[in-house]
Amino acid sequence: MATQDFNDRMLSLGLARVSEAAALASGRWVGRGDEKAADQAAVTAMRDQLNKLQIRGTVVIGEGERDEAPMLYIGEEVGTGEGPEVDIALDPLEGTTLTAKDMPNALTVIAMGPRGSLLHAPDVYMEKLAIGPGMRPGVVTMDMSPSERVSALASAKGVSTHDITVCVLERPRHEAMIEELRSTGCAIRMITDGDVAGIIHCAEPTTGIDMYMGSGGAPEGVLAAAALKCMGGQMYGKLTFRDDNERERAKKAGVTNYDRVYTRDDLVSDDVIFAATGVTDGSMLHAIKREPGYFTTETILMRSKTGSVRRMTYRNPIDRSPTGRD
């Protein structure tokens with residue numbers, strides 16, 4: 001079985017190198033105003049590093065379909081062709097706009113699990129709800145209104161609703177939800193992009209974020225679930241569709257129940273490894289730093305099998321990095 005062959009301990013450091021290479025490559029485009037160039041640099045570096053790993057990998061969460069190459073497209077096969085069969089979910093540069101404008105929380109993100117372990121989420125929106133570890137199952141649900149979720153979580157934590165902080169992606173579609181949240185007296189942490197990082201923040205006590213809610217990309221939902229699988233915490237997701245074309249896209253991805261609420265373990269059903277590297281400064285990871293002769297990156301590397309979370313600093317000579325010399 002593929003699960004028996006999945007040596008997450010041996011593959012984890014290689015996955016960190018993949019994430020670091022993509023960050024180093026996109027780092028030269030920070031603040032340059034060119035989103036496409038930043039993304040393309042990250043994609044190229046990520047693909048090159050993935051193809052050095054001894055895996056038979058398939059990209060199940062990527063940047064589009066085959067005809068949109070040179071992106072890392074859904075269905076693309078990566079690795080040396082030897083080793084375990086694995087599913088890969090990735091976002092070579094989460095926050096292309098953040099990178100181009102040198103705004104906080106741009107990351108490179110990748111997750112890997114045994115073949116069949118990651119949901120093949122279609123490129124549609126997903127309504128998401130996430131909280132950190134330590135809570136009883138079902139303390140908040142998708143059936144609750146936003147204000148009911150805040151009240152339920154506050155009660156479970158033994159605090160006032162005024163002590164709860166909710167992370168929300170700042171979008172016009174969330175205006176009504178934000179207004180309802182305000183009525184509870186909770187604090188709202190607004191983010192402009194990057195809901196993978198926003199969901200991860202729920203599981204990190206130092207961020208002060210208790211809950212994430214709102215709609216964003218379904219593929220990013222799988223990446224976030226992979227992180228929570230390692231860190232602990234609960235997550236729910238429900239696909240939403242704007243038109244019949246999106247329903248057809250979901251059907252092609254194998255979705256048969258359009259109303260299904262996915263749990264964290266539905267999105268990621270087996271052991272997984274997750275890596276993310278900071279490109280710009282953020283609340284989770286430091287930005288790439290340029291020092292005389294070196295680039296320095298910070299990477300978070302996690303394994304669900306052990307629950308381990310490592311933070312690694314990598315100093316790489318400029319003339320040997322994917323960015324090359326200026």
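Q: What makes up the lining of the largest pocket by class?
A: The lining has 19 charged, 14 nonpolar and 10 polar residues. Here Ala, Val, Leu, Ile, Met, Phe, Trp, Tyr, Cys and Pro count as nonpolar, Asp, Glu, Lys and Arg as charged, and the others, Gly among them, as polar. Please keep in mind that this is a predicted model, where local features need pLDDT of at least 70, side-chain atom pairs count only at pLDDT 80 or more, and totals for chains, interfaces and linings use all residues. Residues are numbered from 1 along each chain as its sequence is written, and side-chain values use heavy atoms, with hydrogens and water left out.

Q: What makes a set of grid points a pocket rather than a cavity?
A: On a 1 Å grid over the protein atoms alone, a cavity is a set of points where a 1.4 Å probe fits but cannot get out, whereas a pocket is an open set with protein on both sides within 12 Å along at least five of seven lines. Lining residues have an atom within 4 Å of a point. The largest pocket has a volume of about 1,200 Å³, meaning the space filled by probe spheres set on the points, which are joined across faces, edges and corners. Of its 43 lining residues, G62, D123, G217, P219 and E220 are closest to the centre.

Q: Which helix or strand gives the most to that lining?
A: That is α9, with five residues. Helices (H or I, at least four residues) and strands (E, at least two) are DSSP runs, numbered from the N terminus.

Q: Why is D39 called buried?
A: Its relative accessible area is 11%, and buried means under 20%, exposed over 50%, partly exposed in between (1.4 Å probe, protein chains only). D39, in helix α3, therefore counts as buried.

Q: How do you know that D39 and E63 gather at one spot?
A: The UniProt annotation "binding site", from an unreviewed entry, covers both D39 and E63. They span 25 residues in sequence, yet no two of their C-alpha atoms are more than 10.3 Å apart, so they gather at one spot. Both D39 and E63 are in the lining of the largest pocket. UniProt positions follow the numbering used here, feature names are shortened, and annotations may be inferred rather than shown by experiment.

Q: What makes β5 and β8 a pair?
A: Two strands pair if DSSP finds at least two bridges between them; β5 and β8 have seven and run antiparallel.
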